[in-house]
Amino acid sequence: MASKTWLYAGAAIVSLLILIALLAPAIAPHPPLRQNLANDLIAYSADHWLGTDKLGRDILSRTIYGARISLSVGFATVALSLAIGLAIGSLAGYLGGWVDLLLMRLVDILLAFPGILLAIAFTAVLGPGLDHVVLALCLIGWTGYARLVRGEIIALREREFIHAARALGANPKRVIARHLLPNLIAPLLIQATFGLAAAIIAEGSLSFLGLGVEPPTPSWGSMLNDGRQFLLVAPHLTTYPGLAIMITVFALNLVGDGLQERFQARSR
Amino acid sequence: MSGCRSNHDDRPADYLVVGIESHPIQLDPRYATDANSVRVGNLIYNSLLRADDKLRLQPELAESWRMVDGRQYEFTLRPNVKFHDGRPLTVADVKYTFESILDPTNQSPKRGQLKQLAAIEQTASHQLRFHLSVAHAPFVEQFTMGIVPTGSLRGDTPPPGSGPFKLESIEAGAKVTLKANADYWENKPKLAGVVFKNVPDAMVRALEFKKGAIDFMQNDLEPDMLPWLRSNTGADVSVHQGTTYQYIGINLTHPILQKRQVRQALALAIDRDAIIKHLLKDSAAAANGLLSPISWAYDTTVPRWPHDPAQAKKLLDAAGYPDPDGDGPLPRFRLSYKTTNIDLRRRIAEALKEQLQKVGIELEIRSYEWATFFSDVKKGNFHLYSLAWVTIMDPDIEYQIFHSASMPPNGDNRGRYRNSEVDRLLEQGRVESDQTARKEIYRQVQQILADDLPCVPLWWWKNVVVKKPSVKGFLPYPDGDLISLKNVTLR
């Protein structure tokens, strides 16, 4: 029961964040890019609830718009990684033999690199930009899905219902699509939820290093970076985007954990 | 926790610890190009002449000197000057220093500056004469070159100098320690030594200062940190006039930027005063050109571009770039603006973007790490960029920046500016030896450049000195030189 509550709480927070991201133009009190140099580093005012940054921009509005960047990078990364991972994992798992050997060694090679370091190198070469961040994160991101899919498929393909389908003359395409994939949805969903959280943190890290979105676009990571030099004089610059990342990742982890427990309970 | 405190212990008694933002790369004055190498090197090496705190050249190793004619300079050396290893400093060492720079096998980056030097002749035991191939008034600046002993090779260990401090140790990337030269010919420095501690992050430097691990810092601090330092560390913070000139470089081969009206509109659209007041907390002064009021050649009548967005819009309309939708989101045109990825530089870029947007110019900010940025700037691969010129002494620097013969790699005319009148004046300015006549020439150059705007003037940075109240006797130099550390006491 308790785990269910956590799952629903997490899902509610994530849904709220998605809603905030979608409705950003309607709910943000100020345009996120509007500067007012004379109004810099305000900690709180009736007009600026969360204060302003060094250029006098409203932090609340920038945090709201930042949700768009973080979530869209997260979803795009997960979708792309999932698509690649699913294709490669299914091929390796179903076909086995040298195809499996080759693809899984490729995965091993990629996993030998620290992911964030590879992403830093990649964006440093391509230059900053949202699309580059997504590509950089997918570079390694797909490997986890590929491994998961392959493992599940190897376990499933020896099950009786698969043998039955084959005996009835189903071709490999049909076996994968109609019998194997539906059984993969639950583990993939869990993996994707954790992947989303990881991608949001990675985007934050890259933007913090100046390799993410270009200024003045607000992203939580770049807001943290902007506020870093003012930690001693205006700590609110880093507090709110930091909290936003923390809450989002926490909520996604609640959802992931909740789903995992439900799935395991069912398969037991 | 012990790691946090260790810095207190590695400081020898009576040594001043100076926090710097980048480690000196090459202390040998013949090869030093980065600012910190030059500043630390100036404490180790003496030169024939040295600029004072008003940027006027004063004799140092020279007991006396004179310009014989436009092509000859004669120096009489001070007797009894010794290098840190005990060898006497002689005419031969001065001759060797300059000749080793001219030797192409040594690949000194300063070789080009000595292009006009034809020969050095010893005329008496303590006397020597420099012969130039052509009259070249700004050549006197070359006499501020640090002198090294005969036979000094380019190597990992910098050669000994004859200055107030001698090199004690270098910890690569971390710190450079200098020790007072007890036999210094002028008088022994009051400090036992100076440690230049490399702390790249401005905030960490401020925290180290608060902790007491650093006694002295100059520049490269976040302007908003200054009030904090004053009230939280009891620091003695002072701001002094400087010569470092920040500007927006313009690619004059770009079809839009070729038009003078567009460049003037850029100058009018920028609200320098607001940026200086709020973003820079008055650590700069609005500029109207490369030469600052400290320079003898500065023309006080050069107009300053005010902040006038309405006039900027009119000029852009007249130049043939009407705003397609008035105050709507569509711009008249788009330009890229390149800058380094240092926080303050990026923030300035964002403020400029907003100000130009108000007159209908869309700026696309691209920030890069230094090497990529600088290579693009040299290649002319930009629309707009922002950089600064440091240590401006002779107005002949305008030749290097604006003469049409100075396009990279022959000089620093990175915007590819061509103006035959400016060319003619700049050529005249370097062969004329009379300072009054030169002043008139550079007055005309400044007037033309202020109107033609091959680059948009932003501001001159001030020198910000942050020190413990116990540090006494420091005299700030407009170019940020630290030579007065030889007179500093630490109580």
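In which strand of chain B does B:Glu362 lie? B:Glu362 belongs to strand β16, which covers residues 361–368 of chain B. Keep in mind for every view here that the model is predicted.

**View 1. B:Glu362 and what surrounds it in chain B.** Is B:Glu362 buried or exposed? With a relative accessibility of 19%, B:Glu362 counts as buried, because the cut-off for that class is under 20%. Its side chain makes a polar contact with the side chain of B:Lys353, at 3.4 Å. Leaving aside residues up to four places away in sequence, B:Glu362 touches B:Pro331, B:Phe333, B:Arg334, B:Leu335, B:Lys353 and B:Gln357.

**View 2. Helix α3 of chain A packing with helix α10 of chain A.** Here α3 (residues 59–95) meets α10 (residues 220–228) at about 135°, and the two axes are 8 Å apart. That angle makes α3(A) oblique to α10(A). On the α3(A) side, look for A:Ile59, A:Arg62, A:Thr63, A:Gly66, A:Ala67 and A:Ser70; α10(A) brings in A:Trp220, A:Met223 and A:Asp226. Sorted by class, this contact has 4 nonpolar, 3 polar and 2 charged residues.

**View 3. Two buried cysteines, A:Cys138 and B:Cys455.** A:Cys138 is buried at 4% relative accessibility. B:Cys455 has a relative accessible area of 11%, so that one is buried as well. How many disulfides are there over all chains? The count comes to 0, with a sulfur–sulfur cut-off of 2.5 Å. As a reminder, a disulfide is a covalent bond between the sulfur atoms of two cysteines.

Note on methods:
Residues are numbered from 1 along each chain as its sequence is written. Chains are lettered from A and ligands numbered from 1 in the order in which they are written. This is a predicted model: local features need pLDDT of at least 70, side-chain atom pairs count only at pLDDT 80 or more; totals for chains, interfaces and linings use all residues. Side-chain values use heavy atoms; hydrogens and water are left out. Axes are lines fitted to C-alpha atoms, for helices over the stretch in contact, and angles run from 0 to 180 degrees between N-to-C directions. Helices (H or I, at least four residues) and strands (E, at least two) are DSSP runs, numbered from the N terminus. Angles under 35 degrees count as roughly parallel, over 145 as roughly antiparallel, 65 to 115 as roughly perpendicular and the rest as oblique. Contact means heavy atoms within 4.5 Å. Ala, Val, Leu, Ile, Met, Phe, Trp, Tyr, Cys and Pro count as nonpolar, Asp, Glu, Lys and Arg as charged, and the others, Gly among them, as polar. Buried means under 20% relative accessible area, exposed over 50%, partly exposed in between (1.4 Å probe, protein chains only). A polar contact is a pair of N or O atoms within 3.5 Å; within protein, one must be able to donate a hydrogen and the other to accept it, and residues adjacent in sequence count only if both atoms are side-chain atoms.
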